[in-house]
Amino acid sequence: MTDVDLEFARVRAVLDRPTLRLMSRPTSATVLAVFRTVFDRDVQYVPADRMHLQVEEHVARLQAAGARVPASEQAEGEQEARPNGRALCREWVGAQWLVRSNSPDGDEQYSLTSHALEALSLVDALSADRALISESRLAMIVDAVHRWAARAEPDPDVQIRRIDAQIAELQAERERLEHGDDVVAVDDDRMRDGYTNISDLIRQLPSDFKRVEEAVATMHRSIVEDFRQEVRPIGEILDDYLARTDNLMEATPEGRAFEGAFELLRDDALLLRLRDDIATILSHPFAQGLGAGERRAFRNTVTILRQGIEDVLAQRRQLTATLRDQIVAHDVVRDRELDAVLRSINRGLATLMDQGGARDRIPLPLLPAAAEVGTLRERFYDPDAESVPPPIEEPDDDVFEDLDVEMLRRHGGPLLTELRAALRFAEADSSVDAFHGLPPEQRRPVELFGLAHLLTGREDFESATHLAQHRTVRPDGSPVTFHMPTAALTDERTPVGDAHDEHAQEAR
């Protein structure tokens, strides 16, 4: 083949790509306008029903305005064809501009392919007013070449000289600013030029991430298809395909590029610095001339990066789970039996087509006849079901010890009478001292509830910030200490609990 033949084949292959087919059709303006309207920069997935309605509405509006729209169905008796959103979406899915998938809830949804996103990005880039060659773009190229040349340099002496030069340059700039010199500010035109170049790169991110998703899906489909045609032992299949799944991202150029970007974007400090740099750029005076949508899209750069990575990882996890289910549920014997049945059906249909005519009818039942099988026993004899249950054991009435009134009092509630007398007649300044003056059998832990009841209403008790130690004695003689507020005993030695009890006695 000559050079022109090779170039012709290469150009024809490029023109046959879905991206250029989308942009070269007579109805490209309508399709791209619908895509841009339905799939906003913050919308990646649209439910199927809503997508059909929006496509019908937008196409009908553009058709009424005189725009050339895709071919639509025409109902009988109508002068003009009406758009059919479902049919158009089905056509766009076949053209590789839309992807129809299932949401986590099981509902159908649509999303743009990398080809459609690339076409939209190209339209946005061509519609922006900018110079193709600018200072910021050339500086970006020069800086990138210098940075990668430094990384590719194998000589350590050259690397050291490069680093020393950078340190000297930065040190000189620091000393200049430290001596009080003015900061060299960039004017609005140069800042806008740099912002435009950065925005061009950001607009390409969604299509790049979507291309990685499609590469992962294509690789998995090929793996599953190869797996269905395998006749090797299941252990060998597991080892082979699990290894291919582990190395999936290294098998395609998109996967290798994504792995490199993922290692870079996994650094949270780097993403935080990127967010701060974006805020600094938007605080420049030139940003006042940007629209609200432009500012929002530029500010959401980190969100686009995180969402793109998450979508790729989710696609990889979902397809890996599908592959695992295929491997686990794969039955070679059953697949061979099904394949044999289908082949026999095809042979029978070929025989009938050769022997029969075009108008011959052959009765073909949809379901096989029911098999006549006698009734089988559903329940067999179980000796345990016929055995007599064991006798009920008689309860032992002597399991409880003899209880007297004194033992019940030791395990009962607080003794309010003794506590009230101790608070009234004790020679102590506080309730905790009066409590400690009681005998051990009256200093049980439950007595603290009675003490709190009697002291309720005292301001120093209810608003106390200091907790005093109350040493109590359990009925078995073991000591235990609790912390609770205390109250000062007045000269009258009358706890507040007396008033409550007197009212209660009068009521009775």
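Biologist: Which helices each supply at least two residues of the lining of the largest cavity?

Modeller: They are α19 (416-425) and α20 (431-436). Helices are DSSP runs of H or I with at least four residues, numbered from the N terminus. This is a predicted model, where local features need pLDDT of at least 70, side-chain atom pairs count only at pLDDT 80 or more, and totals for chains, interfaces and linings use all residues. Residues are numbered from 1 along each chain as its sequence is written, and side-chain values use heavy atoms, with hydrogens and water left out.

Biologist: What makes a space a cavity?

Modeller: A 1.4 Å probe must fit at its points on a 1 Å grid over the protein atoms alone, but cannot get out. The whole structure has one such cavity of 30 Å³ or more. The largest cavity holds about 30 Å³, where volume is the space filled by probe spheres set on the grid points, joined across faces, edges and corners.

Biologist: Which residues line the largest cavity?

Modeller: Leu419, Ala422, Leu423, Ser431, Ala434, Phe435, Leu438 and Leu451 do. A lining residue has an atom within 4 Å of a point.

Biologist: How many residues of this lining are nonpolar, polar and charged?

Modeller: Seven are nonpolar, one is polar and none is charged. Ala, Leu and Phe count as nonpolar, and Ser falls among the others, so Ser431 is the polar one.

Biologist: Why are β4 and β5 called paired?

Modeller: Two strands pair if DSSP finds at least two bridges between them. β4 (residues 468-473) and β5 (residues 479-484) have six, in the antiparallel sense, so they qualify.

Biologist: What makes β1 an edge strand?

Modeller: The open sheet runs β1-β3-β2, with antiparallel pairing. β1 (46-47) and β2 (98-102) each pair on one side only. Two bridges join β1 to β3 (residues 108-112), which just meets the cut-off of at least two. Pro47 stands opposite Gln109 in β3. A strand is a DSSP run of E with at least two residues, so β1 at 46-47 qualifies.

Biologist: How many helices and strands does the protein chain have, and what share of its residues is buried?

Modeller: There are 23 helices and five strands. Of 508 residues, 28% count as buried, meaning under 20% relative accessible area (1.4 Å probe, protein chains only). Among contacts (heavy atoms within 4.5 Å) with a separation of 6 or more, residues 24 or more positions apart account for 66%.

Definitions and conventions: Buried < 20%, exposed > 50% of the residue type's maximum accessible area, 1.4 Å probe, protein only. 1 Å grid on protein atoms, 1.4 Å probe; cavity = no way out; pocket = protein on both sides within 12 Å on 5 of 7 lines; lining within 4 Å.
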